[in-house]
Amino acid sequence: MQYVALACRCALAAVFLTAVLSKVRGRGAFHAFRASVLDMVALPAGGATLVSAAVVCSEVAVIVLLAVQRTAPVGFVLAGAVLLAFCAGIARTLRSGARTPCRCFGATATPLSGRHLVRNAVLLTVTAAGGTAQLLTAPGEAHPAGVAIGMACAGVLALAIVFFDDLADLFAGPPPTSGRAGL
């Protein structure tokens, strides 16, 4: 179970780190994220800044807590709470009919959709599996091969989650065309 816990910790930390870096890589990136928060939730301008900063701080806290084995259970709980809050925000935005772009992992024109709820459900599953495995793991030495395999799995999982929109577009096929095909 320790390798499952390790893989889940590393995958979640990588996903949250990517999210943080995409939001704070420059003033423009943070302002774009703040604008998307403002589109999602009716807040005064200062409130959007506070909510945006709170999101980034909570994502950083998840990373720090998951990095240390002793605090990892709290990190899994916080990750779950953050992801549930994201799901609630996405669901609210979808119900309102807003076409807010997803700024989870940087600049994109892709508006929030049900696929983002699916992505967060996958992340919640990783969080639950990792938290459970962490609690069931007895202290002990990890075998280097097990650590390497766990880290490789974490990398693949993190990449699949970060590029979820691209993968969904790839498997969805070409967009439907209207009218006659080109001559």
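The structure is a predicted model, in which local features need pLDDT of at least 70, side-chain atom pairs count only at pLDDT 80 or more, and totals for chains, interfaces and linings use all residues. Residues are numbered from 1 along each chain as its sequence is written, and side-chain values use heavy atoms, with hydrogens and water left out.

The protein holds seven helices and zero strands, and from the N terminus on its elements run α-α-α-α-α-α-α. Helices (H or I, at least four residues) and strands (E, at least two) are DSSP runs, numbered from the N terminus. The C-alpha trace spans about 60 × 50 × 30 Å along its principal axes.

Helix α1 (residues 2-24) packs with helix α4 (residues 72-96) at an angle of about 50 degrees, their axes lying 11 Å apart; axes are lines fitted to C-alpha atoms, for helices over the stretch in contact, and angles run from 0 to 180 degrees between N-to-C directions. The pair α1 and α4 is therefore oblique, given that angles under 35 degrees count as roughly parallel, over 145 as roughly antiparallel, 65 to 115 as roughly perpendicular and the rest as oblique. The crossing of α1 and α4 is left-handed, a term used if the near helix is turned anticlockwise from the far one by less than a right angle, with right-handed used if clockwise. On the α1 side A5, C8, R9, L12 and F16 take part, and they meet A72, F76, A79, V82 and L83 in α4, where contact means heavy atoms within 4.5 Å. By class, this contact has nine nonpolar, no polar and one charged residues (Ala, Val, Leu, Ile, Met, Phe, Trp, Tyr, Cys and Pro count as nonpolar, Asp, Glu, Lys and Arg as charged, and the others, Gly among them, as polar).

Helix α1 also packs with α5, at an angle of about 140 degrees and with the axes 8 Å apart. These two helices are therefore oblique to each other, and α1 passes α5 in a left-handed crossing. Here V4, A5, C8, R9, L12 and V15 in α1 meet L123, V126, T127, A129, G130, A133 and Q134 in α5. The contact of α1 with α5 comprises nine nonpolar, three polar and one charged residues.

Helix α5 (residues 114-136) has a further partner in helix α7 (residues 164-172): their axes come within 11 Å and cross at roughly 120 degrees. That angle makes α5 oblique to α7, and the crossing is right-handed. R115, H116, V118 and R119 in α5 meet F164, D165, A168 and D169 in α7. This contact divides into three nonpolar, one polar and four charged residues.

Attention now turns to the largest pocket. About 520 Å³ of space lies in the largest pocket. Of the 30 residues that line it, F33, M40, V55, F86 and C104 are the closest to its centre. The elements giving two or more residues to this lining are α1, α2 (27-40), α3 (45-67), α4 and α5, and α4 gives the most, with eight residues. The lining divides into 20 nonpolar, five polar and five charged residues. A pocket is, on a 1 Å grid over the protein atoms alone, an open set of points where a 1.4 Å probe fits, with protein on both sides within 12 Å along at least five of seven lines, and lining residues have an atom within 4 Å of a point. Grid points are joined across faces, edges and corners, and the volume is the space filled by probe spheres set on the points.
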